[in-house]
Amino acid sequence: MTTTLPPLPPAAAGLLARVGAPPRLLAHLALVHEVAQRIAEFCERQGLPFDREAVLFGAATHDIGKTVHPEELSVPGSAHERAGHALLRAAGVPERLARFAGRHGSWSRPDTTVEDLLVSLADKAWKNRRVRDLEDRVVERLAAATGQQPWEAFLALDDLLTGIGEDAPRRLAVQAAHPVRTVS
């Protein structure tokens, strides 16, 4: 098995290098970004309008706050969300791109955008975690934007997520092959 990571957008890669993102975090972000690309391609084929650049940047940086809270690389926690948003804003990243660091764990807010949903979906789907409420919200947006019946949108999304899920063991192994901390 190869542990070569897919490339991140150059702007995201530069930010992650500047904050000293450890190998495990870089692997996670690259793998989530890879899944976000597949989701974005699917949404474009479906005719869903969204900001592709924002989704891909958001997927590539959503956990950047774990450089401030490295314990959350190994244990659950959400302190990295606020820290990541602040870190990105301090680096001059516009709110439309920085928002995902602070919002990827919550998709039930009334102001949740389709971009928020797609970043959250990629962050779950990369490891084959299916979250019904999140998927239902994506289906609603797909159906409303495309004129499909909700069941049609559901079937199309389910096919996509099933395919993504089939490759989850490889992605999990690739992430696990990278150390949690930078080796000095």
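This is a predicted model: local features need pLDDT of at least 70, side-chain atom pairs count only at pLDDT 80 or more; totals for chains, interfaces and linings use all residues.
**Entry 1**

I looked up Arg130 and found it partly exposed at 35% relative accessibility; I take buried as under 20% relative accessible area, exposed as over 50% and partly exposed as in between, with a 1.4 Å probe and protein chains only. Residues are numbered from 1 along each chain as its sequence is written, and side-chain values use heavy atoms, with hydrogens and water left out.

Arg130 forms a salt bridge with Glu135, at 2.7 Å from N to O. My criterion for a salt bridge is a side-chain nitrogen of Lys or Arg within 4 Å of a carboxyl oxygen of Asp or Glu. Glu135, at 7% relative accessibility, counts as buried.

**Entry 1: other salt bridges**

I searched the whole structure and got 16 salt bridges. One of them links Arg103 to Asp116, with the closest N and O atoms 3.5 Å apart. Arg103 is in helix H5 and Asp116 in helix H6, so this pair ties together parts 13 residues apart in sequence. Helices here are DSSP runs (H or I, at least four residues), numbered from the N terminus. I checked burial for both partners: Arg103 is buried at 10% relative accessibility, and Asp116 is buried at 2%.

I then looked at Arg137 and Asp133, whose side chains meet in a salt bridge at 3.2 Å, N to O. They are four residues apart in helix H7, which means a separation of about one helical turn. Arg137 is partly exposed, with a relative accessible area of 26%, and Asp133 is also partly exposed, at 36%.

I listed the contacts of Ile39 (heavy atoms within 4.5 Å). Not counting residues up to four places away in sequence, Ile39 touches Leu118, Leu121, Ala122, Leu160 and Ile164.

**Entry 2: H2 against H9**

I looked at how H2 packs with helix H9 (residues 168–176): the angle is about 155 degrees and the axes are 8 Å apart. The axes are lines fitted to C-alpha atoms, for helices over the stretch in contact, with angles from 0 to 180 degrees between N-to-C directions. H2 and H9 are therefore roughly antiparallel; angles under 35 degrees count as roughly parallel, over 145 as roughly antiparallel, 65 to 115 as roughly perpendicular and the rest as oblique.

On the H2 side, Arg24, Ala27, His28, Leu31, Glu34 and Val35 meet Arg170, Arg171, Val174, Gln175 and Ala176 of H9.

**Entry 3: Val180**

I placed Val180 in the segment after H9. Val180 is buried, at a relative accessible area of 19%. Leaving aside neighbours within four places in sequence, Val180 is in contact with Pro22, Arg24, Leu73 and Ser74. I also took the C-alpha separation of Val180 and Trp151, which are 29 residues apart along the chain, and got 41 Å.

Terms used. Helices (H or I, at least four residues) and strands (E, at least two) are DSSP runs, numbered from the N terminus.
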